[in-house]
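The following note sets out comments on the model shown below. Each point is kept brief and may be checked against the coordinates.

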Amino acid sequence: MSAIPIWLYWQIWHMDLIQSVVLYSVITLVSKHLFGSLCLQNVKFVLKHKVAQKKEDAVSKEVTRKLSEADNRKMSWKEKDERILWKKNEVAHYEATTFSIFYDNTLFLVLVIVASFFILKNFNPTVNYILSISASSGLIALLSTGSK
């Protein structure tokens with residue numbers, strides 16, 4: 001996701017792709033570190049617990065329904081609870097991961113476009129690129145550390 005704004009600056013701001021390859025690489029790697037490793041994990045961690053709480057009843061009904069009568073008689077309550085917990089964690093992990101990717105990527109692109117076209121529009125395209133990508137990545141990293 002951090003590399004998508006390169007197209008924006010290459011096509012719209014007319015920054016030469018070959019001359020700016022070092023700048024693009026450095027800023028993209030820094031943005032990828034801030035954005036990729038920190039933000040996605042932070043948002044996923046916060047969302048996973050919330051999703052697990054909301055999906056608990058539905059997952060337990062589904063797991064209980066899938067267990068046949070024979071399995072139901074042979075299993076102890078502890079084993080049934082472990083299966084339900086495992087399935088609940090699996091569902092919560094998947095949903096939290098997909099939503100955090102969607103949320104962070106959307107917010108990143110919106111912030112880059114707003115910063116590039118409205119806030120920093122009068123700056124040199126090179127300075128505009130550095131500031132808009134860095135500020136967007138930093139702001140998302142800051143917002144992802146919140147607990148709500």
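Is Ser137 buried or exposed, and what is its relative accessible area? Point 1 takes up this question, after a remark on conventions. This is a predicted model, in which local features need pLDDT of at least 70 and side-chain atom pairs count only at pLDDT 80 or more, while totals for chains, interfaces and linings use all residues. Residues are numbered from 1 along each chain as its sequence is written, and side-chain values use heavy atoms, with hydrogens and water left out.

1. Ser137 is buried, with a relative accessible area of 0%; buried means under 20% relative accessible area, exposed over 50%, and partly exposed in between, with a 1.4 Å probe and protein chains only. The residue lies in helix H5, where helices are DSSP runs (H or I, at least four residues) numbered from the N terminus, strands being E runs of at least two. Once neighbours within four places in sequence are set aside, Ser137 is in contact with Ser31, Leu34, Phe35 and Phe108; contact means heavy atoms within 4.5 Å.

2. Helix H5 has 20 residues and spans 28 Å from its first C-alpha to its last, close to the 28 Å expected at 1.5 Å a residue. That expected span is 1.5 Å times one less than the number of residues. Buried positions in H5 include Asn128, Tyr129, Ser132, Ile133 and Ser136, and also Ile140, Ala141 and Ser144. The buried residues of H5 pack against H1, H2 and H4.

3. Two packed helices are described by the angle between their axes and the distance between the axes. The axes of H4 and H5 come within 9 Å and cross at roughly 140°; axes are lines fitted to C-alpha atoms, for helices over the stretch in contact, and angles run from 0 to 180 degrees between N-to-C directions. The crossing of H4 and H5 is right-handed, that is, the near helix is turned clockwise from the far one by less than a right angle, anticlockwise being left-handed. On the H4 side the contact is made by Asp104, Leu107, Phe108, Leu111, Val112, Ala115 and Ser116; on the H5 side, the residues include Asn128, Ser132, Ile133, Leu139 and Leu143.

4. The largest nonpolar core has 17 residues. Such a core is a set of buried Ala, Val, Leu, Ile, Met, Phe, Trp, Tyr and Cys residues joined through side-chain atoms within 4.5 Å. Those with the most contacts inside this core are Tyr9, Met15, Tyr24, Phe108, Tyr129, Ile133 and Ile140. Helices H1 (4-11), H2 (21-66), H4 (77-119) and H5 (125-144) each supply at least two of its residues, and the largest share, 5 residues, comes from H2.

5. Met15 is placed in the loop between H1 and H2 and is buried, with a relative accessible area of 5%. Although Met15 and Pro125 are 110 residues apart in sequence, their C-alpha atoms are 6.9 Å apart in space. Not counting residues up to four places away in sequence, Met15 touches Tyr9, Trp10, Ser20, Leu23, Tyr24, Pro125, Thr126 and Tyr129.

6. His14 is found in the loop between H1 and H2 and has a positive phi of about 60° although it is not a glycine. Most residues other than glycine have a negative phi. His14 counts as exposed because its relative accessibility is 65%.

7. Lys87, in helix H4, is 31 residues from Glu56 in sequence and 9.4 Å from it in space, C-alpha to C-alpha. Leaving aside neighbours within four places in sequence, Lys87 is in contact with Val59, Glu62 and Val63.
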